[in-house]
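Work through the exercises below with the sequence and the structure open side by side. Try each task before reading its solution.

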Amino acid sequence: KVVVVGSYVVDLMSRTPHLPKPGETVLGGPFKMGPGGKGGNQATAAARCGSEVTFVTKLGGDVFGREALAHFQAENVNTEFIKVDPNQATGAALIAVDDNSENSIVVSLGACGTITEAEVMEAEEEIKCGDIVLLQLETSIEAVVTAVKLAKKYRVPVILNPAPYQEFPKEILRDVAFITPNETEAFELSGIEVKDEHSALAAAQKIHEMGVDTVIITLGSKGAFLYTGGEKGDLVPGFKVEAIDTTGAGDAFNGGFAHALSNGQSVREAMTFANAVAALSVTKIGTAPAMPNKQEVKTFLLH
Ligand code: ADP
């Protein structure tokens with residue numbers, strides 16, 4: 001079982017010929033709405049891969065919160081630990097994408113930004129019987145710290161996807177088995193700009209020294225770099241696909257990686273599986289709705 005503690009936001013997307021300047025109103029093209037947020041996307045990805053998934057988050061008592069619950073129920077995600085706070089709004093991402101695929105995004109975390117220690121503690125039994133705990137930094141840091149503490153108590157390995165990057169107490173890294181920054185987040189953690197395999201190794205060594213056993217830096221279409229100590233690391237190559245929309249690629253990678261690890265695959269096998277899930281996700285528009293299912297991944301890996 002994979003236990004995801006993280007964010008849910010509704011994605012509200014408009015196409016527009018150009019992004020509005022301050023004070024400007026532009027007439028947009030088609031509008032699309034869908035489930036999103038890093039926690040929700042990763043939970044959806046792992047569930048579609050076939051994992052039993054429990055998602056711990058908080059929604060508002062509004063129409064977006066009700067739609068979110070319906071989404072996770074339809075995806076066979078355990079919603080027992082999704083709180084609803086009637087006094088808050090559900091998180092929302094206001095996304096504008098222009099004709100050059102440039103975007104501008106405002107994310108209001110709403111309810112999921114206020115997950116408390118006590119709310120995560122309610123999921124103690126779930127974490128206890130989990131195979132993997134999957135976390136991001138898109139919630140309150142209190143939620144992340146509590147989840148790490150519980151996972152440590154029951155010796156359940158933690159994957160921390162440090163996205164979007166925000167400051168957090170670095171002591172928790174000693175209790176994180178896997179960290180999965182992208183290039184930007186690896187820079188935030190290490191101070192080393194990641195451009196290629198060589199700089200990825202240097203950044204990974206720095207992050208490893210902070211206490212994480214296994215550092216995995218995702219490198220976009222190139223794949224992901226694995227480092228577990230010593231002089232060298234390994235690039236696990238990505239798959240060539242025609243990318244349509246790369247938003248949510250990191251989420252697909254993390255959801256797929258958590259699924260594969262909890263299924264007993266080796267770290268390297270799990271990274272190849274995660275690269276496949278992520279590659280398939282970039283061939284579709286959207287975040288959670290773009291996640292591939294088990295059969296699609298299986299077929300893709302056979303070719
Ligand atoms: P993020 O989405 O967080 O910025 P990356 O851009 O590093 O993260 O992408 C995460 C993973 O998604 C990569 O490790 C790779 O497996 C996959 N990926 C991203 N972009 C592409 C692409 N254009 N083609 C194939 N796979 C991709």
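**Exercise 1. The open sheet**

How many bridges join strand β2 to β3, and do the two run parallel or antiparallel?

*Solution.* Keep in mind that this is a predicted model.
- Step 1. Find β2 at residues 9-16. Six bridges join this strand to β3.
- Step 2. Check the direction. β2 and β3 run antiparallel.
- Step 3. Val-9 has Gly-36 of β3 as its bridge partner.
- Step 4. Widen the view. Four strands make up an open sheet, in the order β3-β2-β7-β8, and the pairing is mixed.
- Step 5. Look at the edges. β3 (31-36) and β8 (103-108) are the edge strands, and each pairs on one side only.

**Exercise 2. Around β10**

Trace the pairing of β10 and the direction of its side chains.

*Solution.* 
- Step 1. Start with β9 (residues 132-136). This strand pairs with β10 in the parallel sense, over four bridges. Leu-134 stands opposite Ile-159 in β10.
- Step 2. Follow the chain. From β9 it crosses through helix α5 (residues 141-153) to β10, and this β-α-β crossover is right-handed.
- Step 3. Turn to β11 (residues 178-179). β10 pairs with β11 over two bridges, in the parallel sense. Ile-159 stands opposite Phe-178 in β11.
- Step 4. Read the side chains. In a regular strand they alternate between the two faces of the sheet. In β10 (residues 158-161), Val-158 and Leu-160 point one way, while Ile-159 and Asn-161 point the other way. All of these residues are buried.

**Exercise 3. The ligand shell**

Which residues are closest to the ligand? Then compare the shell with the database annotation.

*Solution.* 
- Step 1. Count the shell. The ligand is surrounded by 20 residues, and the closest are Thr-218, Ser-221, Ala-249, Gly-250 and Ala-278.
- Step 2. The shell has 11 nonpolar residues, nine polar and no charged.
- Step 3. Locate the elements. β13 (223-227), α8 (249-262) and α9 (267-281) each supply at least two residues of the shell.
- Step 4. Bring in the record. The unreviewed UniProt entry annotates a "binding site" whose positions include Thr-218, Gly-220, Ser-221, Gly-250 and Asn-275.
- Step 5. Take two annotated positions. Gly-220 is in the loop between β12 (214-218) and β13. Gly-220 counts as partly exposed because it has 15 C-beta neighbours inside 10 Å. Asn-275 is in helix α9. Asn-275 has 25 such neighbours inside 10 Å, so it counts as buried.

Conventions: Residues numbered from 1 in each chain as written. Predicted model: local features only at pLDDT ≥ 70, side-chain atom pairs only at ≥ 80, totals over all residues. Near = placed C-beta within 6 Å. Nonpolar A, V, L, I, M, F, W, Y, C, P; charged D, E, K, R; others polar. Pairing = 2+ DSSP bridges. Buried ≥ 20, exposed ≤ 12 C-beta atoms within 10 Å, placed from the backbone. Right-handed = clockwise from strand over helix to strand, strands pointing away. UniProt positions renumbered as here; feature names shortened; annotations may be inferred.
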